[in-house]
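Welcome, and thanks for opening the viewer. Let us take a short walk through the model, one selection at a time.

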Amino acid sequence: MISSTHTEELVIALCGPIGSPLHSVGDAIRTMLLDSFGYTDCTYLRLSDFIVEHASAIDTAIPLQHNFARINALIEAGNKLREKYGNGVLAELAIHRIRLDREQHKTVSQSARYAPRRVVHIIDSIKNEEELELLRLVYRDMLYVVGVFAPLQTREANLKDLGLTTAQIYSLVDRDSGEESEAGQTVSETFPNCDFFLRTGDGTDSELKRRVERFLHLVLGTKVITPTFAETAMYSAAMASANSACLSRQVGAAVTDRDGDILSIGWNDVPATGGGLYGRGEHDHRCWNISGGKCFNDAEKDKLAQEMVEALAEVIEPQNLPRAKEILRGASKLKGLIEFSRAIHAEMHAILNAGKTSGMRIDGGKLFVTTYPCHSCARHIVAAGISEVYYIEPYRKSLAIKLHGDAISEHEIDKDKVRILAYDGVAPSQYLSLFRVPQNSRKKNGKLITMSLKESSPRLEKSMEALPALEGLVVKSLLEKHLLPERGPQNDGSPPAPGTAQF
């Protein structure tokens, strides 16, 4: 009976910085699932359409012409909608639309049964952490989030095609990456939580198709696909990060040789006498375990702000001194200082370990790190002879390129320098679920099991049992916010009546 509730339905959400080919990836996913994998229907949902649809609720007009004014107005309106109705409101509206689609395909019978369907819902695109969190709460293993990334010069060219100036482009890039407002777009914080990363390096259609096809084969289990060297290295880096007890963030790194074989791993934590880091013995002097769990980096920055205010005491009114310190302490430059941390960074830990165990094999090797390297690590990466660095989480305060532009580049074609590139492949969080298979599930009678693409099903089986009830809670939230028309059989926001099947 439980198996009968399983569905092949998929929800695929896209996330990526402005100017990346999100729509092209979405179209490629839709086309392949419908044409090659036998999916019968696709609901394509653009969150920007919901912004236009509900702009009147915040007294905002969206220009019709697709230019800077329209894009900027959409961002402003999206922020206002989140401020008024909650940061996850656009995801709520997408969930409601998926629920409506399911209601329209309900089997007419005494049980009011929701028939499992071979359908995909594509959400283009999420920009906020709470949108992602809500989608995961409702759809769980049915949801896959694809992070789409293109190099800055490619994104700039795409936006120039819309008639935008360079100044307009960079103002949009900054806003899209992460705004000060809690209701703003926070792509730089949302993007690292994707399930699959797709870096469109050369921007060709064939490259995009190949990477999308691999992703779908992994999700549907239609081919024997093993991890790339990069996927294994980044998984190792992510697992290494779990060793860190740093109060600020956990970062992991892995160093490979030229061929991709892993030489060492590292993580950020406090060094111990005799070499290595704390955490393996009884006497643990990491920040969490001394001085009441104080972050020494933050404490020193507080002292620095106080000293700066005191130095300006002659020109600042006494009653304004506390406010002046508060402003200084909140300044992005001061907040981003890392010089006072007791922890060695993950990149340096991994490089030191590789030097100890592998010597010159590090020369020309690669570094995989969960977070973009800071400018302090950048100079050591160059000096160590690393040729390429791959990262997942952006680090907006890093000055690596600004200070070491002679030796470091983010351009994929710039092979004469150390290249820092966005990671491409399966996210470490999905590594085991997409690559590990049950024993003997690949063969029968001593031969490889093959299946028709159009008869395949997602590797992770999902039940329809709870979906209508969970989606109903979201609909109830939208009704309370008066963002839906009057109640009806498809908009009442309530779960099915007692005794009625919910799947």
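## Two charges and a ring

Begin by selecting Lys294 and Phe296: the charged end of Lys294 sits over the ring of Phe296, 4.6 Å from its centre. Keep in mind as you look around that this is a predicted model.

## Aromatic pairs

Next, turn to the aromatic rings. How many aromatic pairs does the structure hold? There are nine. For one of them, select Phe191 and Phe197, whose rings form a tilted pair with 5.3 Å centre to centre and 50° between the planes. Are these two residues buried or exposed? Phe191 is buried, at a relative accessible area of 7%, and Phe197 is buried too, at 1%. To give each residue its label, recall that buried means under 20% relative accessible area.

For another pair, move to Tyr372 and Tyr391. Tyr372 counts as buried at 7% relative accessibility, and Tyr391 is buried with a relative accessible area of 9%.

Now switch to a cartoon view and pick out the strands. Which order do the six strands of the open sheet follow? The order is β8-β7-β9-β10-β12-β11, and the pairing is mixed. Colour β8 (262-267) and β11 (408-409), the edge strands, each of which pairs on one side only.

β11 and β12 run parallel and are joined by two bridges. Zoom in on Ser409 here, and you will find it opposite Arg419 in β12.

## A helix across the strands

For the last stop, select helix α14 (residues 346-358). Which strands does α14 lie across? Helix α14 lies across β7 (252-256), β8 and β9. Line up your view with β8, and you can see α14 running at about 145° to that strand.

Notes:
Residues numbered from 1 in each chain as written. Predicted model: local features only at pLDDT ≥ 70, side-chain atom pairs only at ≥ 80, totals over all residues. Heavy atoms only, no water. Phe/Tyr/Trp six-rings, centres within 6.5 Å; stacked < 30°, edge-to-face > 60°. Buried < 20%, exposed > 50% of the residue type's maximum accessible area, 1.4 Å probe, protein only. Lys NZ or Arg CZ within 6 Å of the ring centre and 35° of its normal. Pairing = 2+ DSSP bridges. Helix = DSSP H or I, 4+ residues; strand = E, 2+ residues; numbered from the N terminus. Contact = heavy atoms within 4.5 Å. Axes fitted to C-alpha atoms, helices over the stretch in contact; angles between N-to-C directions.
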